[in-house]
Amino acid sequence: MTMNRRSLLGGMTALPVATAALAAVPEAVQQSGSATAPPLQPATGRPYRPVTTLNGWSLPWRMKNGVKEFHLVAEPVRREMAPGFVANLWGYNGQSPGPTIEVVEGDRVRLFVTNRLPEVTSVHWHGQRLPCGMDGVTGLTQPAIPPGKTFVYEFVAQRPGTYMYHPHADEMVQMAMGMMGFWVTHPKRASPLIREVDRDYVFLLASYDIEPGAATPKIMTMTDFNLWTWNSRVFPGIDALVAKKNERVRIRVGNLTMTNHPIHLHGPHFEVTGTDGGPVPLAARWPEVTVDVAVGQMRQIEVVCTDPGDWALHCHKSHHTMNAMGHGVPTLIGVDHRGLAGPLQRAVPEMMVMGERGMHDMTEMSMPLPDNTAPMMAGQGPFGAIGMGGMFSVLKVREQLPTGWQPGQDIPWFQHPPGTVAREWTGDLPAADSAAAAPASKSEVQVRKPQGHQHH
Ligand SMILES: [Cu+2]
């Protein structure tokens, strides 16, 4: 059967592309690395200010008779999740997450999706208002895309805002394997609800369960994930967000994990200016330092970077700022190992008694780790170990940015003005009553922390 262009345009459902039409499919641009690409300046189509995808990139398109054409390839990929730690994931065009798609309100968009996975897939354009047959739900709005086949989706990007895309076929497996991507529809004209910003950073929250030493996620995991990622990267593998003092910075976050993530910014306050449903009315905005991004949600925040510094930006669930190996470790704080650790260490020289003074020691001890994993808590700052992993990065605000600086490039640590850093106090101390010095009451209880994720 020959499928002409007319029938593709007129179709209200995603259609298989006949072989004869394949020559008309745009090149599927591939990316192999995990560096943050400079924003993709639009060479054709309506102008816009492009976003920066943390440790990712935006997909080039081609204009064909006024239609913006993209080509996504669903396929197995190798993703470096942190330096020295590579995972076997599924994604699009060589990476997980897939490339960010940027269009402008009113654009007619045609998306070719080629399936190079070993099973069927489809793409759901999360948050878009489109003809129902373009919604990408396997079995409900379209047949599944079989392995080896290419389907085409086409619709008009109606509303400016923050979106994502992901499969709606064997979702549990395909999202656990990393299939997802960001979508930004830029406004066609200025709007009081959508301010022009100086920087626009985007990332997706995803979680994986990869055993230390292994490289492929366990796909049946429902709650007990051990890697909490931004764009399939864990700290210290997540690039910093950089801004000049007083710049307005937009940060867009989408959550495709199975739990919520309270994203917390130190330093300057922000406002939530948009959700997956569109811009937030001005009267409904209030200052925040944490925004909870629930499962399947997107949040768009804006911050005016009034305060120079290295401001932490992280998920506030403490287990989400740790990497693998954080599980099944008993709480040993306060346990006295004297008389026990010595003989054991002589018998097993590399043995380390973990956690009797807390876990921070683990950030500085070099424990033997399996070959392919990320340290549980890592990252060196200007004052020593940062002791974080997972969903953690830094908003670096500076009076001036280095000449020629490009988004994605790191800059040196903040130079604190003299006398503005917390320091050891060596003078006299006022007498302080300590709870530990008080006699124990009869009703005293021993608090015992939960000992593994499976119990809470
Ligand atoms: Cu979290």
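Colleague: Among contacts in the chain between residues at least 6 apart in sequence, what percentage join residues at least 24 apart?

Modeller: Please bear in mind that this is a predicted model. A contact here means heavy atoms within 4.5 Å. Counting contacts between residues at least 6 apart in sequence, the share that joins residues at least 24 apart is 74%.

Colleague: How many helices and how many strands are there in the chain?

Modeller: The chain has 456 residues, and 50% of them are buried. Its secondary structure consists of four helices and 25 strands.

Colleague: Which strands stand at the edges of the open sheet of four strands?

Modeller: The order of strands in this open sheet is β6-β11-β10-β8, and the pairing is mixed. An edge strand has a single partner strand, so one side of it is left without a neighbour in the sheet. The strands to which this applies are β6 and β8 (124–126).

Colleague: Asn55 and Asn65 have positive phi values. Is Asn55 buried or exposed, and is Asn65 buried or exposed?

Modeller: Asn55 has a phi of about 50 degrees and lies in the loop between β2 (52–53) and β3 (62–64). Asn65, with phi near 50 degrees, is found in the loop between β3 and β4 (67–82). A residue is buried under 20% relative accessible area and exposed over 50%. Asn55 has 2% and is therefore buried, whereas Asn65 has 63% and is therefore exposed.

Colleague: Where does the cis peptide bond between Ser96 and Pro97 lie, that is, in which loop is Pro97?

Modeller: The bond joining Ser96 and Pro97 is cis, with omega about -5 degrees. Pro97 belongs to the loop between β5 (85–92) and β6 (101–104).

Colleague: In which loop is Pro236 found?

Modeller: The peptide bond from Phe235 to Pro236 is also cis, with omega near 10 degrees. The place of Pro236 is the loop between β13 (227–230) and β14 (241–244).

Methods: Residues are numbered from 1 along each chain as its sequence is written. This is a predicted model: local features need pLDDT of at least 70, side-chain atom pairs count only at pLDDT 80 or more; totals for chains, interfaces and linings use all residues. Side-chain values use heavy atoms; hydrogens and water are left out. Helices (H or I, at least four residues) and strands (E, at least two) are DSSP runs, numbered from the N terminus. Buried means under 20% relative accessible area, exposed over 50%, partly exposed in between (1.4 Å probe, protein chains only). Two strands pair if DSSP finds at least two bridges between them.
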